[in-house]
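Some notes on the model follow, as numbered points. Please read them with the structure open.

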Amino acid sequence: MSEEAKKIELPAYETVALVLQGGGALGSYQAGVYQGLHEAGIMPNWFCGISIGALNAAILAGNPPERRMERLTEFWDTICNSALFPEWAVDDRFAPKLGNGDIRSAASAFAAMRALFEGQRGFYAPRFPAPFLMPGGGPAATSYYDTAPLKETLERLVDFDRINSKEVRVSVGAVDVETGNFTYFDNANRVLKPEHFMASGALPPGFPAVEIEGRHYWDGGLLSNTPLTEVLTHPPRRDTLAFQVDLWSSRGPLPKNIFDVAERQKDIQYSSRTRQATDVSLEIQKLRRTVRALLKKLPEGLDNDPDIVTARDMSCSKVHNVIHLIYRDKAFEAYHKDYEFSRLTMREHWESGLDDIRRTLTYPEWLERPDNESGVITHDVHRLRPRT
């Protein structure tokens, strides 16, 4: 499929959502997925994200469709550079010689080490002196990196007036540091600023909490890294086609060493039980449709019965179609894959996302409205069988 390829005409869905997990450097996979949707003429009207997914959502929602790819590319080309030193040419010149074995693994580890010590341009910069030498509280004493560069990047690449015009819906999740409560910042009910997106990606102890209206917020991935439930359950319920783009796989091999353990721990923690969350949301939708069907079978004259009124409020006839796209680890990747920001690896993540969505869209029947009794269905190109 290319830019000149025939566009895909979607069935009549009220919501077409792009749902984006958090995962740091892995987020360029989501950019590749969006490129494939863009090629096919599929324009989401709801962007919902956590952490890096929230930053991608800001870029996409904060630009007109014809400029989104340009801005998305500029964002990733910016943050995949050292905050302190010029980018090395090794990625482009010698990439083919690195392969996917031990040499590539070493190069990836070195790039991750650079990200820790040097920061990433337009994203975050290391603090000097270190936070444990800065008593008295505040961002300098509670985080290793300064994220002021990210605010400048967002202000340069994102039109927040466009986001707040509500042309498309935008929701990003964060956690209140003091209460531990999870919240979504949503342009449906508030004015969104750079701070709301930064809060969604403020992963401690690396990044400082972001203050918004007197409260302080951390990365939403601390509690839930999978924002699909917000899209499927937020009232009013709507016929929904959701492209759920995950950066962590809940499935994986048994670790063989302590480094594998660290990687597997992250996979399990940040996948946030994606399958379980999806299954629960879809089971609830099945139940709502069943209640609606049962209400139609009741005798007349019960409309004002309190239990019937409650059941009617719970019932629903909407359909949900969830297209899963889940990043699959490369052989050379390790526990530091979420902060390995080399341009070479970024491009590979991007291409993986583009390849997965292009393969997915070769099954146009997957985009059809569910016609089964439950009204819900999910698809995953890596499984190749619909789950109903």
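1. A residue counts as buried when its relative accessible area is under 20%. The model is predicted, and the burial described below was computed from it with that cut-off.

2. By that criterion, 12 of the 12 residues of H1 are buried, so this helix is largely enclosed by the rest of the structure. The buried set includes Tyr-29, Tyr-34 and Leu-37, and also Gln-30, Gln-35, His-38 and Glu-39.

3. Helix H1 covers residues 28–39. From its first C-alpha to its last it reaches 17 Å, close to the 16 Å expected at 1.5 Å a residue. After H1 comes Gly-41, with a positive phi near 75°.

4. Helix H3 (residues 65–79) packs against helix H14 (residues 343–360) at an angle of about 145°, and their axes are 11 Å apart. On the H3 side the contact is made by Met-69, Leu-72, Thr-73, Trp-76 and Asp-77, and on the H14 side by Arg-343, Met-346 and Trp-350. Sorted by class, this contact has 5 nonpolar, 1 polar and 2 charged residues.

5. The volume of the largest pocket is about 660 Å³. Its lining has 28 residues, and those nearest the centre are Leu-203, Gly-206, Phe-207, Asp-338 and Tyr-339. Helix H2 (52–61) and helix H11 (258–271) are the elements that give two or more residues to the lining. H11 supplies the largest share, 3 residues.

6. What is the class make-up of the lining of the largest pocket, in nonpolar, polar and charged residues? The lining divides into 16 nonpolar, 9 polar and 3 charged residues.

Note on methods:
Residues are numbered from 1 along each chain as its sequence is written. This is a predicted model: local features need pLDDT of at least 70, side-chain atom pairs count only at pLDDT 80 or more; totals for chains, interfaces and linings use all residues. Side-chain values use heavy atoms; hydrogens and water are left out. Helices (H or I, at least four residues) and strands (E, at least two) are DSSP runs, numbered from the N terminus. The expected span of a helix is 1.5 Å times one less than its number of residues. Buried means under 20% relative accessible area, exposed over 50%, partly exposed in between (1.4 Å probe, protein chains only). Axes are lines fitted to C-alpha atoms, for helices over the stretch in contact, and angles run from 0 to 180 degrees between N-to-C directions. Contact means heavy atoms within 4.5 Å. Ala, Val, Leu, Ile, Met, Phe, Trp, Tyr, Cys and Pro count as nonpolar, Asp, Glu, Lys and Arg as charged, and the others, Gly among them, as polar. On a 1 Å grid over the protein atoms alone, a cavity is a set of points where a 1.4 Å probe fits but cannot get out, and a pocket is an open set with protein on both sides within 12 Å along at least five of seven lines; lining residues have an atom within 4 Å of a point. Grid points are joined across faces, edges and corners, and a volume is the space filled by probe spheres set on the points.
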